[in-house]
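This briefing goes through one protein model by topic. Please look over the sequence and the structure before reading the points below.

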Amino acid sequence: MKWRKMADHVQGLAQLEILCKQLYETTDTAVRHQAEKALVEFTNSPDCLSKCQLLLERGSSSYSQLLAATCLSKLVSRTSNPLPLEQRIDIRNYVLNYLATRPKLAAFVTQALIQLYARITKLGWFDCQKDDYVFRNVIGDVTRFLQDSVEHCIIGVTILSQLTNEINQADTTHPLTKHRKIASSFRDSSLFDIFTLSCNLLKQASGKNLNLNDESQHGLLMQLLKLSYNCLNYDFIGTSTDESSDDLCTVQIPTSWRSAFLDSSTLQLFFNLYHSIPPSLSPLVLSCLVQIASVRRSLFNNAERAKFLSHLVDGVKRILANPQCLPDPNNYHEFCRLLARLKSNYQLGELVKVENYPEVIRLIANFTVTSLQHWEFAPNSVHYLLSLWQRLAASVPYVKATEPHLLETYTPEVTKAYITSRLESVHVILRDGLEDPLDDAGLVQQQLDQLSTIGRCEYEKTCALLVQLFDQAAQTYQELLQSTNSSAMDITVQEGRLTWLVYIIGAVIGGRVSFASTDEQDAMDGELVCRVLQLMNLTDSRLAQAGNERLELAMLSFFEQFRKIYIGDQVQKSSKLYRRLSEVLGLNDETMVLSVFIGKIITNLKYWGQCEPITSKTLQLLNDLSLGYPSVRKLVKLSAVQFMLNNHTSEHFSFLGVNNQSNLSDMRCRTTFYTALGRLLMVDLGEDEDQFEQFMLPLTAAFEAVAQMLSTNTFNEQEAKRTLVGLVRDLRGIAFAFNAKTSFMMLFDWIYPTYMPILQRAIELWYHDPACTTPVLKLMAELVHNRSQRLQFDVSSPNGILLFRETSKMITTYGNRILTLGEVPKDQVYGVKLKGVSVCFAMLKAVLSGNYVNFGVFRLYGDDALDNALQTFIKLLLSIPHSDLLDYPKLSQSFYSLLEVLTQDHMNFIASLEPHVVMYILSSISEGLTALDTMVCTGCCSSLDHIVTYLFKQLSRSTKKRPAPMATDDRFLHIMQQHPEMIQQMLSTVLNIIIFEDCRNQWSMSRPLLGLILLNEKYFADLRNSIVNSQPPEKQQAMHLCFENLMEGIERNLLTKNRDRFTQNLSVFRREVNDSMKNSTYGVNSNDMMS
């Protein structure tokens, strides 16, 4: 019998090994899929643990060892039915022995086993056995590795490195609170010892004669540097910074680490390593130096900081003086980051006092100029150099130090290098067919923003350079255009150079700061603007033959900056800029300049109608101009604007045509166009219905055309869709702009009831095509939105109710049809279904909270419009998994804001729902409470408050022996009494967030909390006791007192006065609890609070 069991095991192992091979090696997807399925079943099988041990012991391939390690990681990580403590200790010891006895495993197996050790240690950090924290002796665990061979040493260091990384990263399966608690405890108890150990090992390694040809020595150094970096990159205070926002990082080193940074040997160690180890490892050294350079300022007093900065600057100077390693792109990138940190963390006044400052700033300037001239090398690193100079230039007005900063000498050199290098790149890029940086709009914009500040330092020199370069390029360009035998290549090169110059001129004008600007500088701006406008006249005159898209986009960027600085209220009209424009171009005032803007906009829309980037940027400019009241009044008087208001047809503006071959979604810009036109129309519209009818003629014709098409059985579906989508996008723009009652009522009377059936018909026909339905639904959502109280119907008007009926009909039609689509593939579910559902939720929320419909009327007169809309909402809601509600930001915002309105005004409806629906809604609120989006979280608090208040009232009523409540109320109470854990869970969550997390909306959290406590007084008492008991004995009394004070003076009711007192008590409570826990490594017992 025993032999047979053994044979089964061996056979099972062989089978598993084959599956592993298939999973990791096969190229046949079907085979891999089958193997994956079988291995998932194996992971979930009850004897998985023993089989994993067998695989590690007897498995013949690395893949089977990898499978065992990953399966064990899953077993120790699971939250339901976790492994007992003894088993986890056994697995930990087994893994350490396994690694110690097999130092030559495949790298990925070692990695997976170390990951398993790190996971066990992290999740068991607070586990005790006989008053001993069994998983905390991490340095003891690795000491035996560090005293053995180099291979063992590498494993030991990797264990510490991986553990630091694992504890620093929050995972989604466990609450953030628990993660922060472990991370803080690890920081206080072990991290500094690990960092000191890694520095000492690095000192030993660099002290020895390193044999860098030895692969294993190389590996050890790399792991030690990674460990040091992980320690320095630790999230010390739980701010969980976003890795992509690299600019303003301060490393919040704990005060207890001061000794390591006051002692200059730590800093020197890394600078010495940089010069002594191979270039392939030096990026890691520089990464560590970037972190060290970013240590928070408050760690030092002024004298200590000056000394630290002096050592740092010396190290930088040494690297610049011996730049042999910098040609390596990774080294170069990290070094640029290090330079940027010099200014982001230290003030210019501190830098100039450093002994070698004049020499260092000269070296940095030379390095920057050389870097900019080699524009093709490491383009992503330039950002850091420019950010250094941007910050230096911005600080110049504030430096009070007597030492010279020398920036007036070096900044113009940097500006010149940037401008000339971009111009020189044009020819090379065209000649060699390289990627053009101008195509990366984001990167260009970022660099121009930085240049706008740098170029404003010593602005006379910048302007003189730009004028000289622009005049040369423009003259050459003109000559080439007039010559009969000029090559297309030469013309393109000059256009490329002019494109850069127009972008740069726009940027330096946009860098004007009103309080620091002088008349001379405004006159210089005038010189630059005149030149760009003269170039525009030249290029516009050629548009009938040819145009350059990049140059046009540069012009639009220039106009945008010019508008921001010199159009509108903020600029004195006596500005020297306008005087210069008047002398050169005859533009005497702002109105004439605005006519140039509008002329350019109309020209672009006429000639570039088929070019989406230019059209959308041009319309954005028009939209921005239509926002400022003073400029709008001037714009309306221009004949060109009147022309647009009277001729907005595809004949004059080709992008309004419907026969082009572009996608339906490319018509988005039409909404922007009509929003701007709507604002311009409203200036003088008043109550003039004839003028409104005149303006709407093209849209009336379009609606009639669609109606005509839909009334026949055989119509061109594509054309009908195009016409309709264009039309509803136009109408949405107008509806958005008409935010006054008189103008909006004209629009409402125009569309209802005549054209509403066409919109309803479109939803019926094309519900499955989101490119068509989304614009229609969005228009409806805009029409029912009571923006600026524009939907105020007269006392005798039934229009509010009629509008709601149409809304209800559209939601019901769309909702019932979209549900017939059945299962939609995950990658298409948002576009096909959830986006439309999200707009329906937003529409329903707008109409329910618009305050222009009395919803009691519907039931009173037996009208089922309200019921239909709400029932459809429930059907749609139940068809969406919980995870999707939070995964798609727009959906979660529209759902939770709708829920807030429903719980506030339609609680009777919520109370009448089936138990499973009520539970679904409650669990969605419970999950939303911990959402990262504050708007969602606040909406959940509000909804929960309404529900809890409703429940509290019902309970109070039932105890007072009032007349029997409605059956639905009874039913809702009954559901809640059947499932008390739901409300208790939310009480626990809210309390948790307030006590332990960075609670950004404390007021909102406080509102439902009082009701939750009053409904669950016994549970709250238990929760309070478990929190108090989880504190160290000396803190328990203080914590108990905090809870006493929280309920001080609070009565058993939910009156506003009582709530306000509770909210005040809560903010004191939170402050006191935080103070009490600051010095404590304990927190809530993770199992009690988090389960």
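Predicted model: local features only at pLDDT ≥ 70, side-chain atom pairs only at ≥ 80, totals over all residues.

A cavity here is a set of grid points where a 1.4 Å probe fits but cannot get out.

**Confidence**

- The protein has a mean pLDDT of 86, and 93% of its residues reach 70 or more.
- Over residues 1-10 the pLDDT is below 50, and the model gives this stretch 4 contacts beyond near neighbours in sequence.
- Residues 1080-1091 also stay under 50 in pLDDT; for this stretch the model has 35 contacts beyond four places in sequence.
- Confidence is lowest in helix 51 (residues 1086-1090), where the mean is 35.
- The highest confidence is found in helix 39 (residues 865-878), at 95.

**Cavities**

- There are 4 cavities of 30 Å³ or more in the structure.
- The lining of the largest cavity is made up of Val313, Leu342, Leu348, Leu351, Val354, Tyr357, Val360, Ile361, Ile364, Leu388 and Leu392.
- Two or more lining residues come from each of helix 16 (348-351), helix 17 (357-373) and helix 18 (382-395).
- Helix 17 gives the most to this lining, with 4 residues.
- By class, the lining of the largest cavity has 11 nonpolar residues, no polar ones and no charged ones.

**Second largest pocket**

- The volume of the second largest pocket is about 870 Å³.
- It is lined by 30 residues, and those closest to its centre are Arg732, Lys778, Val839, Ala842 and Lys890.
- The elements that each give two or more residues to this lining are helix 32 (717-737), helix 35 (770-783), helix 37 (829-848) and helix 41 (889-905).
- Helix 37 supplies the largest share of the lining, 9 residues.
- The lining of the second largest pocket divides into 10 nonpolar, 11 polar and 9 charged residues.

**Helix 15**

- Helix 15 (residues 329-345) is 17 residues long and reaches 24 Å from its first C-alpha to its last.
- That span is close to the 24 Å expected at 1.5 Å a residue.
- Is helix 15 largely enclosed by the rest of the structure or largely open, and why? Of its 17 residues, 13 are buried, so helix 15 is largely enclosed by the rest of the structure.

**Backbone details**

- Tyr752 and Pro753 are joined by a cis peptide bond, with omega about 0 degrees.
- Pro753 sits in the loop between helix 33 (741-751) and helix 34 (756-766).
- Leu406 is a residue other than glycine with a positive phi, near 65 degrees.
- The loop that holds Leu406 runs between helix 18 and helix 19 (407-432).
- Glu458 is not a glycine, yet its phi is positive, at about 60 degrees.
- The place of Glu458 is the loop between helix 20 (441-456) and helix 21 (459-482).
- Is Glu458 buried, partly exposed or exposed? Its relative accessibility is 28%, so Glu458 counts as partly exposed, because that class lies between the 20% limit for buried and the 50% limit for exposed.

Key
Residues numbered from 1 in each chain as written. Heavy atoms only, no water. pLDDT = per-residue confidence, 0-100. Contact = heavy atoms within 4.5 Å. Expected span 1.5 Å × (residues − 1). Buried < 20%, exposed > 50% of the residue type's maximum accessible area, 1.4 Å probe, protein only. 1 Å grid on protein atoms, 1.4 Å probe; cavity = no way out; pocket = protein on both sides within 12 Å on 5 of 7 lines; lining within 4 Å. Points joined across faces, edges and corners; volume = space filled by probe spheres on them. Nonpolar A, V, L, I, M, F, W, Y, C, P; charged D, E, K, R; others polar.
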